[in-house]
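Hi everyone, thanks for making time today.

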Amino acid sequence: MSSYPPAQTVAEFEAGIAEVMRRIDAAADRAGRSPSDVRLLPVSKTVPQERLRLAVAAGCRELGENKPQEAKRKSAEMADLDVSWAVIGHLQTNKAKDVAAVAAEFQALDSVRVAEALDRRLQALGRGLDVYVQVNTSDEEQKYGLPPAEVPAFLAELPAFASLRLRGFMTLAEFSSDEERVRACFRRLRDVRDRAVQDWPEAVELSMGMSGDYEIAVEEGSTCVRVGQAIFGSRALPDSHYWPEGQ
């Protein structure tokens, strides 16, 4: 895994974002895709608001958080800024109120219980929420997400939850230096999407790819890459500390 120096100024954030975008554009070109079809979602988990404000000044308007309570706290701290928050980590039903209150999108929907809890909170607030279904494409027991074979039955349950707007699917690839094993995970998610879109034409998005593999993800069809360390700098703790909730 690459080591990234922490960005400490607006200029350093601008340079880091520009480099990530350059790599996204190059990967899209290699795959014959339009770079504009790929959205960069900066992942700001563990980063304090002082540095997040620099990132916003450098152009970040969306930020992704793993923990709902961290998203809620930072949303309040930075309420003076025009920032949209995405929650991208596993959700316990007792934290559904935090997601319903502050998130513009939720990328880790993987159970009817969570769908019910979110829908109830959202209905009370009179708002809707864009959601991605998380799929475990690596078949690793420590990871959250539905097995690909269970996705159709889960999707059949979603119309009962009127406040949830299905936008697509999310996965975490195997944490491996073997590029083909990583690609296989992304291809599985693309296959899940391609099968589902016949009945869910609005569910076209593929959220896949992180700092270590986002270029491969773009080559395999990702429409949203969740990049943290390549923008904000390497974390003090290894990625393994954050898994299975790590992004």
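A word on the ground rules. This is a predicted model, where local features need pLDDT of at least 70 and side-chain atom pairs count only at pLDDT 80 or more, while totals for chains, interfaces and linings use all residues. Residues are numbered from 1 along each chain as its sequence is written, and side-chain values use heavy atoms, with hydrogens and water left out.

Let's begin with the strands. When I say helix or strand, I mean DSSP runs, H or I of at least four residues for helices and E of at least two for strands, numbered from the N terminus. Two strands pair if DSSP finds at least two bridges between them. Strand S3, residues 84-87, pairs with S4 in the parallel sense over three bridges, and there Val87 stands opposite Phe106. On we go to S5: S4 pairs with it, again parallel, over three bridges, with Leu109 opposite Val133. Then S5 and S6 run parallel over six bridges, and Val131 has Leu166 as its bridge partner in S6. Finally, S6 pairs with S7 in the parallel sense over three bridges, where Phe169 faces Leu206.

How do the helices link these strands? S3, H4 and S4 make a right-handed β-α-β unit. Right-handed here means that, with the strands pointing away from the viewer, the path from the first strand over the helix to the second runs clockwise. S4, H5 and S5 form a right-handed unit too, as do S5, H6 and S6, and S6, H7 and S7.

Now, is S4 enclosed or open? Six of its seven residues are buried, so S4 is largely enclosed by the rest of the structure. By buried I mean under 20% relative accessible area; exposed is over 50%, and partly exposed is in between, with a 1.4 Å probe and protein chains only. S6 is mostly covered, with five of its seven residues buried.

That brings us to the core. A nonpolar core is a set of buried Ala, Val, Leu, Ile, Met, Phe, Trp, Tyr and Cys residues joined through side-chain atoms within 4.5 Å. The largest one has 45 residues, and those touching the most other members are Phe106, Leu109, Leu118, Val133, Leu155, Leu158 and Phe169. Several elements each supply at least two residues of this core, among them S4 (103-109), S5 (129-134), S6 (164-170) and H7 (179-196). H7 gives the largest share, six residues. Apart from this core lies another, of 27 residues, among them Ala27, Val47, Val227 and Ile231.

For a closer look, pick Leu109. Leaving out residues up to four places away in sequence, its contacts (heavy atoms within 4.5 Å) include Val114, Val131, Phe154 and Leu164.

Next, helix H7. Its buried residues are Val182, Arg183, Cys185, Phe186, Leu189, Val192, Arg193 and Ala196. An α-helix has 3.6 residues a turn, so residues three or four places apart point the same way. The buried residues of H7 pack against H6, S6, S7 (205-207) and H8.

Last stop, the loops. Ser138 sits in the loop between S5 and H6. Is Ser138 buried or exposed? Ser138 is buried, with a relative accessible area of 13%.

Most residues other than glycine have a negative phi. Asp139 has a positive phi of about 60 degrees although it is not a glycine. Thr46, also not a glycine, has a positive phi of about 70 degrees. Thr46 is found in the loop between S1 (39-42) and H2 (49-57), and at 44% relative accessibility it counts as partly exposed.
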